[in-house]
Every structure is written in structure tokens, then in C-alpha cells.
Amino acid sequence: MSGIVMVFDFDKTIIDIDSDNWVVDELGGTDLFNELLRTMPWNCIMDMMMKELYLQGKSIEDIEDVLKRVPIHPRVVPAIKAAYALGCDLRVLSDANLFYIETILKHLGIRECFSEINTNPGFVDEEGKLRILPYHDFHTFSHGCNLCPPNMCKGKIIERIQATLENKRIIIYLGDGAGDFCPSLKLTKEDYMMPRKDFPVWELICKNRQLLQANVHEWIDGEDLERVLIQLITTIISTDDNVDNTNQLFDCKFETIAHEILPKPVYVP
């Protein structure tokens with residue numbers, strides 16, 4: 001093993017779009033989705049949408065077919081396979097759902113590369129209908145984090161992952177959305193944060209760089225993701241000095257802002 005734990009967001013990180021929007025749009029549910037968007041949390045909307053699509057005659061096979069057509073940059077799968085081959089422990093941390101993620105990863109031939117998937121439950125019930133439930137049951141209790149959507153605090157999941165690492169391990173976290181900001185705050189000075197440039201988490205980091213201990217290395221697309229990721233892995237493996245503050249790939253202008261006045265999170269995956 002390389003001593004590296006690599007945590008991937010899913011939507012707009014492994015795949016190039018939002019999986020919820022992709023399924024809803026491809027199956028003709030956009031208008032209803034937009035109506036529901038004003039009435040309930042995103043995670044609840046998706047469960048409702050699956051019920052409505054089921055009543056309209058859409059099958060699990062229809063959903064699977066749509067998921068198998070999801071756009072993905074051609075260099076992402078090779079990057080994941082390379083990281084796995086180099087001995088990294090790969091995990092998914094996503095506000096999508098298990099059914100979507102496993103269907104897509106299996107279709108791409110990379111499910112076995114990941115040791116763990118942390119996401120909202122997604123399963124087919126006894127009627128043949130897809131159900132999507134919250135990771136944190138916010139109807140029963142609150143996870144207590146005001147940076148994250150009510151159904152999932154990725155920061156708490158990262159803390160749980162950190163607590164289970166027996167030996168000294170370095171975490172590389174890749175993400176794009178506002179929900180990836182909270183876990184970036186949990187990373188140590190020996191870890192690496194890879195935000196997608198010009199996406200919400202990158203913008204939040206630009207405004208709050210002093211709050212992060214981790215080394216920050218941005219990426220633009222799948223080709224850039226592969227290049228930066230392999231560079232980090234080889235650097236970490238080949239040297240005992242895991243913190244390189246002189247070779248940052250992060251070029252935004254950092255601003256100082258108090259933690260108390262951080263922007264409110266956007267409740268989307």
C-alpha cells in the first residue's frame with residue numbers, strides 16, 4: 001500500500017455532470033422537479049421524483065440505461081485505475097446515492113477500485129421502485145453542521161475515516177461542490193485538497209484559504225485531474241517530505257474572511 005487514502009466526490013468530479021439532474025432530465029421529469037425544488041430539500045425531491053417516474057411507467061432498467069450514458073471525461077477512468085494500481089486506498093464520498101454510483105462504477109469497470117462508498121442510500125423496493133433516502137436522517141436528528149445540507153455532513157464522514165486509519169496515512173480529497181468545503185477544513189497539513197477550479201468549493205477556498213491546513217492543488221478537467229493526481233501520488237511515494245509549500249498549483253488570490261460569515265451552503269449534491 002502507498003499510505004495514501006484518496007477520497008473522491010462523484011458528481012462533476014468522477015462524472016462530468018450532476019447525476020440527479022441527468023436522470024431527471026433524460027426521463028422527462030424536469031418540469032415537475034423544478035416545481036418541487038421550491039417545496040422540500042433536494043434529497044426528498046429525488047425520492048419523490050423516483051416515485052413519480054415509477055408511476056409514469058419508467059422502470060429500473062430505464063434508469064440504469066440513462067446512468068450508463070452519463071458523460072465522463074476519457075482520462076478519469078485511467079486516472080482512477082492508475083491510482084489503484086499504485087496502491088492507493090480509493091473511496092467515494094458523495095451526496096448522490098448508492099444506486100446511481102454503483103451502477104455507473106460497475107458500467108465503467110472500476111467498482112472494484114473503491115474500498116468504500118459513503119453516500120445516500122439508494123435501493124430498489126419490493127414494488128420495483130427506486131428509493132433514495134438521506135445519509136443522515138434529518139427528520140429524526142440533526143448532524144449539527146451549518147455548512148452542509150441537512151442530509152449529509154461530509155466533514156463528519158471525513159472525521160470518521162480519519163479515526164479508522166491505523167497507520168499514518170495521507171488523504172487526498174477531490175471535489176467540486178459547496179458540500180466539499182466542510183471536509184476540506186478537516187484535512188491536516190500533511191493532506192491534500194484538490195478542488196475543481198471555478199467550481200463552488202474552489203471559490204470558497206479562495207475566500208477562506210487561511211482556514212485550511214491542507215495543501216491545495218486545483219484541477220480543471222479530467223486530463224488535468226489525472227496529471228495533478230499522478231504527480232501528487234508519485235511525489236508522496238518518493239519522498240518523506242510530504243508537504244511542499246513551494247510548488248502550489250493553486251493560483252487564486254486569497255482573501256481573509258471570518259468563519260462566522262461564511263456563505264450559507266447551497267443544498268445541492
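Analyst: Let's start with a pair of helices: helix 4 and helix 6 are oblique to each other. Their axes come within 9 Å and cross at roughly 60°. Angles under 35 degrees count as roughly parallel, over 145 as roughly antiparallel, 65 to 115 as roughly perpendicular and the rest as oblique. Before going on, note that this is a predicted model, where local features need pLDDT of at least 70, side-chain atom pairs count only at pLDDT 80 or more, and totals for chains, interfaces and linings use all residues. Residues are numbered from 1 along each chain as its sequence is written, and side-chain values use heavy atoms, with hydrogens and water left out.

User: How are helices and axes defined here?

Analyst: Helices (H or I, at least four residues) and strands (E, at least two) are DSSP runs, numbered from the N terminus. Axes are lines fitted to C-alpha atoms, for helices over the stretch in contact, and angles run from 0 to 180 degrees between N-to-C directions. By that count, the protein has 10 helices and eight strands. Helix 4 covers residues 60-67 and helix 6 covers residues 98-108.

User: Is the crossing of helix 4 and helix 6 left-handed or right-handed? And which residues make the contact?

Analyst: A crossing is left-handed if the near helix is turned anticlockwise from the far one by less than a right angle, and right-handed if clockwise. Helix 4 and helix 6 cross in the right-handed sense. Ile60, Ile63, Glu64 and Leu67 of helix 4 meet Phe99, Tyr100, Thr103 and Ile104 of helix 6, where contact means heavy atoms within 4.5 Å. Sorted by class, this contact has six nonpolar, one polar and one charged residues. Here Ala, Val, Leu, Ile, Met, Phe, Trp, Tyr, Cys and Pro count as nonpolar, Asp, Glu, Lys and Arg as charged, and the others, Gly among them, as polar.

User: Which way do helix 5 and helix 10 lie to each other?

Analyst: Helix 5 and helix 10 are roughly parallel. Their axes come within 8 Å and cross at roughly 15°, and the crossing is left-handed. Val76, Pro78, Ala79, Ala82 and Ala83 supply the helix 5 side of the contact, with Gly222, Leu225, Glu226, Ile230 and Ile233 from helix 10. The classes here are eight nonpolar, one polar and one charged.

User: What is the span of helix 10, and which of its residues are buried?

Analyst: The expected span of a helix is 1.5 Å times one less than its number of residues. Helix 10 (residues 222-238) has 17 residues and reaches 24 Å from first to last C-alpha, close to the 24 Å expected. As for burial, buried means under 20% relative accessible area, exposed over 50%, and partly exposed in between (1.4 Å probe, protein chains only). The buried residues of helix 10 are Gly222, Asp224, Leu225, Glu226, Val228, Leu229, Leu232, Ile233 and Ile236. Their cover includes strand 1 (4-8), helix 5 (76-85), strand 6 (170-175) and strand 7 (192-195). Across the protein, buried residues make up 52% of the 269 residues.

User: And what do the buried residues of helix 9 pack against?

Analyst: In helix 9 (residues 200-207), the buried residues are Val201, Trp202, Leu204, Ile205 and Cys206. They pack against strand 6, helix 8 (181-186), strand 7 and strand 8 (215-216).

User: What should I look for in a loop residue?

Analyst: With a relative accessible area of 8%, histidine 143 is buried. Beyond its neighbours within four places in sequence, its contacts are His136, Cys148, Pro149, Pro150, Met152, Cys153 and Lys156. Histidine 143 and lysine 156 are 13 residues apart in sequence and 8.3 Å apart in space, C-alpha to C-alpha.

User: Which residues other than glycine have a positive phi?

Analyst: Most residues other than glycine have a negative phi. Lysine 12 sits in the loop between strand 1 and helix 1 (19-26) and is partly exposed at 32% relative accessibility. Another is aspartate 198, with phi near 70°. Aspartate 198 belongs to the loop between strand 7 and helix 9, and at a relative accessible area of 53% it is exposed.
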